[in-house]
Amino acid sequence: MLTPKYPHQDTAPPATAPGREVPAHGSVVPASAAPLANRPTVQLTPGSALALAAGGGAVVLVVGAVLVSMLLAVAITGVSVALVAVVLRLLLKDLAKQR
């Protein structure tokens, strides 16, 4: 009942990455560097760099506003809980005096 059950061992041959060949001795050797030369390069124009900076600034401002509002909510909640505790303490003290 409490005996662990292990999955069957995978007997599939190891998969090779595209562009790599597995020699008979088992080490991985890159076939060629030609596929890397066909990758497109990213070129930033002044306009796209400005848009990227403006977008990053907007994200920072939004995240900052959210964090500040959350901090403010926690502070307001703490103050209100402290105020309720003071009022309850005064009420209990007054109730004890009446008895």
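Me: Where in the protein is confidence lowest, and where highest?
Reply: This is a predicted model, with local features needing pLDDT of at least 70, side-chain atom pairs counting only at pLDDT 80 or more, and totals for chains, interfaces and linings using all residues. Confidence is lowest in strand 2 (residues 29-30), with a mean of 54, and highest in helix 2 (residues 46-98), at 96. The score is pLDDT, the predictor's confidence in each residue, from 0 to 100.

Me: What is the mean pLDDT of the protein?
Reply: 82, with 73% of the residues at 70 or more. Where pLDDT is low, the predicted coordinates should not be read in detail.

Me: In what order do the elements run?
Reply: β-β-α-α from the N terminus on. Helices (H or I, at least four residues) and strands (E, at least two) are DSSP runs, numbered from the N terminus. Residues are numbered from 1 along each chain as its sequence is written, and side-chain values use heavy atoms, leaving out hydrogens and water.

Me: Other topic. How many of the 99 residues count as buried?
Reply: 0% of them. Buried means under 20% relative accessible area, exposed over 50%, and partly exposed in between (1.4 Å probe, protein chains only).

Me: And Val62, buried or exposed?
Reply: Val62 is exposed, with a relative accessible area of 52%. Val62 lies in helix 2.
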